[in-house]
Amino acid sequence: MVIETQNLTKRYGQLVAVEGLNLGIEAGEVYGLLGPNGSGKTTTILMLLGLTEPSAGSVRVLGLDPARAPLSLKRQVGYLPDSVGFYGEMTAWENLAYIARLNDLPQALAKARIERVLERMGLSEVAQRPVNTFSRGMRQRLGLAEVLLKEPKVVILDEPTLGLDPEAAQEFLQMIRSLKAEGITVLLSSHLLHQVQAICDRVGLFHKGKLVLEGRVEALAQQVLGGAYRIRLEATPQDGLLERLQALPEVHRAQADAKGLWLEARQDIRPQVARAVLEAGAALQSLVLERPSLDEVYARYFQEVRHAA
Amino acid sequence: MQRSEKPRREGSPWTGLWAVFFKEMADHLSSTRMRILEVLILLSAVGAVYAGAQTLRQTVSEDSFLLLRVFTAAQDPLPSFIAFLSFFLPLAAIALGFDAINGEYSRNTLSRILAQPIYRDALLWGKFLAGLATLALILLALFLLVVGLSLIFLGVPPNSEEVARALLFLLATLAYTGVWLGVALVTSVLFRSAATSALAAISVWLFFALFWGIIAQLLAQAVAPLDPFNPQSELRQAEALLAFSRLSPNTLYAEAVQAFLNPGVRSLGPVLISQLEGALLGSPLPLGQSFLLAWPQLTGLIALTLLLFALAYVLFQRREVRA
């Protein structure tokens, strides 16, 4: 286990920010800490880094206690905060050089590494420009460059795609994904579930300070949505079709909406669906298998929780 | 929380101190604030020397402490050099310190910096020392300018005792400046907004510069009321007044400067006639005796600086990283 927490709890007065969190992240994993704003993600991250003290429970990152051995921990862990800020009047290079000095890197090594990370993040051209002139996307990349400067074993990213346009966000996520190839363990938090689900090996869903669901995206979909396979189809006429499809084995749910019909199934049963439609004498216009999105998992889960309550 | 073994932090709290120090110092020296302060330095040095030289040329009596007179002589409408310093340096210190910590919050850099392998100690110490070093640099520049200009204008080289006294005066001034840097550091931890922090620090300074004298008087009258039939009560009130006004760093500084720059000063409190028996009035004290005279004031200023720093330290250690 690279990151391990046991019964981790943080209270701010009456408010419970994180409650009884048990997290276990393996080496080389990309783990997504997902949930809406204010659900305790950033607090968890700050506790992992020893930047805020837990009210109860224990944390181990790379086998180290953030309260006891913060220096050797922070030497190996890179952190990109949400809304990352730099010293605006200093250039990108100077900002990185300051971080290199804080990490006590020898000058020659620091120079080589700064050049390398700037190159990798595509910032070599603007290295000598003051950060004031940088766009949000450039700042974010500079933040990742800074994280890579210390060649970390673990990288913790808080809302890495916040405020980026969709293209820049995708590009940035690919950069994060590329860290996995180097054997770096990545923990990222986000409230944009659909954006990060593609790059996470495993996700943990937060709700009001608690980790309510955890696992692979497909497994979660299976567990919460009942069927991991969503099939959308358009067919005319629709009369009686819904009941027929509902009756198919493996179908968990069938519903009609404005765009047509959709089914949830435990397996990919598109051939059976097509046959059923044709047998009903309807014309099949389209038949698509949709991957379930985490947003739905999340929405459905809390719908059920509310119903149960 | 219970811990069986004694919790110990790993490594030195000074890790990264010099990186912070040099970065902050570079920031100070290249900032616009510094440009403004530099103009003020130049103006004040020229003004002080001009005033001093004008006054000194008009006096014909022999004076063995000519350099020290340059510091203390005032010529209407210009204030003396030390009067100017005691006005200008607190403002300079506040200008350098009021956004030390809240500036990191508002630029969103604090969590990024604290995620580096350093302790908060290093950040706070680095910022404080960088501010102090910058102020020392300003002071030294100002001092050398005044000494150099007065050499040109007056043509009398200072003797070694004058130089020693002038350097002690510098030390006291630095300690006094440190107090205001400490105040600014505390307000920069306390208040999230830089403007509020600057205003709060300046209010503290105004309080001591303008109001503390009046309040000390009122307190002294309350604690030791004057009895017209008892001359002892007069002395008691004077002593009470002195004790209260010495709670202000301004008083401590003024007294220390008086002792260092005016060798004729033999006491910083009320003196009874009986104590003056056998004294040669007006004859200068040796340097060592003047130093002893100002020793409590000097240590008081340094202690106050350390106390304020400690307060900022405790507040900062407990502050959440998140805004």
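Chain A comes in two parts: the domain assignment gives domain 1 (3-215) and domain 2 (229-291). Those bounds come from an automatic or database domain assignment. Taken over C-alpha atoms, the centres of domain 1 and domain 2 of chain A are 43 Å apart.

A quick word on the ground rules. This is a predicted model, where local features need pLDDT of at least 70, side-chain atom pairs count only at pLDDT 80 or more, and totals for chains, interfaces and linings use all residues. Residues are numbered from 1 along each chain as its sequence is written, while chains are lettered from A and ligands numbered from 1 in the order in which they are written.

Now for where the chains meet. 24 residues of chain A are in contact with 20 residues of chain B, contact meaning that C-beta atoms, placed from the backbone, lie within 7 Å. On the chain A side, α1 (41-48), α2 (70-76) and α3 (92-102) each supply at least two residues, and α2(A) gives the largest share, five residues. Helices here are DSSP runs (H or I, at least four residues) and strands likewise (E, at least two), numbered from the N terminus.

Next, the inside. A nonpolar core is a set of buried Ala, Val, Leu, Ile, Met, Phe, Trp, Tyr and Cys residues joined through C-beta atoms within 7 Å. Buried means 20 or more other C-beta atoms within 10 Å of a residue's own, exposed means 12 or fewer, and partly exposed is in between. The largest core holds 152 residues, and among those touching the most other members are A:Val186 and B:Leu185. Helix α8 (residues 160-190) of chain B brings the largest share of this core, 14 residues. A second, separate core of 14 residues includes A:Leu241 and A:Val273.

What does A:Val186 touch? Leaving out residues up to four places away in sequence, its partners include A:Val30, A:Tyr31 and A:Leu179.

The peptide bond from A:Thr236 to A:Pro237 is cis, with omega near -10 degrees; A:Pro237 lies in the loop between β10 (229-236) and α9 (241-246) of chain A. Two residues other than glycine have a positive phi:

A:Asp104 counts as partly exposed because it has 17 C-beta neighbours inside 10 Å. A:Glu159 has 23 C-beta neighbours inside 10 Å, so A:Glu159 counts as buried.

Methods:
Contact = placed C-beta atoms within 7 Å.
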